[in-house]
Amino acid sequence: METPAGPVPRVSTELRPRDIVGRWLMRWGFGRNRYRVAPGLYAVGNPDAEAPVLVTANYKMTFDALRRELTGLDLWVLVLDTKGINVWCAAGKGTFGTAELVAQLAASRLEKVTRHRTLILPQLGAPGVAAHEVKRQTGFGVVYGPVRAADLREFLAAGRQATAAMRQVTFSTGERLILTPVELTGMGKTSLWAIPALFLLGGFGPGFFSAAALTERGTAAVLVYLAGLLAGCVLTPVLLPWLPGRAFAAKGAVLGAALALIGALALHPPLLTAVAAILALAALASFGAMNFTGSTPFTSPSGVEKEMRRAIPLQGAAVLIAGGLWLAAAFV
Amino acid sequence: MQKFRHLKGVTTLELAREKCIGCRLCETVCPHGVFVVAEGKAAMADRDACMECGACAGNCPTAAISVKAGVGCASAIIHSWLTGEEPSCDCGGGSCC
């Protein structure tokens, strides 16, 4: 549409099938570095000079999550160049930040488009933005909107007032589950060499190398590895609030050891193998669980570093002992 | 979020109450309700809920709040240990974004 600052593209609030396929691919982490929209000013509906201005990131999944909540509203959307990263992560890095906001305000000549001088930013953009600095440098005041785009309509209707619930992040079972595919993809590269390596190691035994041992012990080791991945990267995230302990490494270790114990009781392997499996599964699940800290909205760098300094030596020792026992088990 | 609590007593968050002018921005931007402003002064109502995102400190117009902000992500911290770079979300694993 035409504006005093030149033509501005109008975006639809309906997602098309390819947007939904794209979102699904992103959940698995495929091609996420290229999933972007062009930064700049966009129109939703028929905004005028008094229409609110929302600011967002140029990760396409973020942009889509925002626009689908805006059906029937007339407003402006200013997209910052966050290099295809979502609002919160980009704010942490500073790319969703004061400098980029000031630059996009200048590039879009927003002061010619609106009569008012107020921007609505997502609350989770706040780590990168200093509201008083934006005001000082551009004359635009910053109002922090709700955490979730789904609350925007109610926020606007209430005279730009957010309820306490709109200001707090949540981490429901669904929100945790939807993050697990990308955790598995993230372990994909390691698995590509770990699985064949475990399989081959399984072949070593008294007769130096045997196909029968390879099939039996190799398969068992790969299964333990896969169970560890599943426990650390999928089950721990989903069961997070119900697993004992505060440290993620502890939660993962408890779950991994419990799964291995159940497996051992069901399958009656030799004692050395059973102990090796329990240690290995606990260590793997513990490591996978620890890596999930980055996907949660509540862990601090100080807290994560503290638990890592304690957990990593234990995980390493458990893997070494497990490996030793497992190899020894082939000879007894 | 009350059922999700990470380690206690680790945050680097500090508030210099004498500098606070009661603008309430810390209360607004905090995603975990750490701050409550009463009688014109901010107080830390739930300090252990802090995730060190830095939103409060960056938006405090009188610099009354300080925190060593960063990402609470194990893969980012491992990446930082290996490379010496600051931990950030674009660690290659990308699981946090």
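1. Helix 14 of chain A is largely enclosed by the rest of the structure, because 17 of its 21 residues are buried (20 or more other C-beta atoms, placed from the backbone, within 10 Å of a residue's own). Helices here are DSSP runs of H or I with at least four residues, strands are E runs of at least two, and both are numbered from the N terminus.

2. The model is predicted: local features need pLDDT of at least 70 and side-chain atom pairs pLDDT 80 or more, while totals for chains, interfaces and linings use all residues. Residues are numbered from 1 along each chain as its sequence is written, with chains lettered from A and ligands numbered from 1 in the order written.

3. Chain A holds 15 helices and eight strands. Its C-alpha trace spans about 85 × 35 × 30 Å along the principal axes. Of the 332 residues in chain A, 44% are buried.

4. The contact with chain B takes 45 residues from chain A, and chain B gives 41 residues (C-beta atoms, placed from the backbone, within 7 Å). Helix 15 of chain A supplies the largest share of chain A's side, eight residues.

Technical notes:
Buried ≥ 20, exposed ≤ 12 C-beta atoms within 10 Å, placed from the backbone. Contact = placed C-beta atoms within 7 Å.
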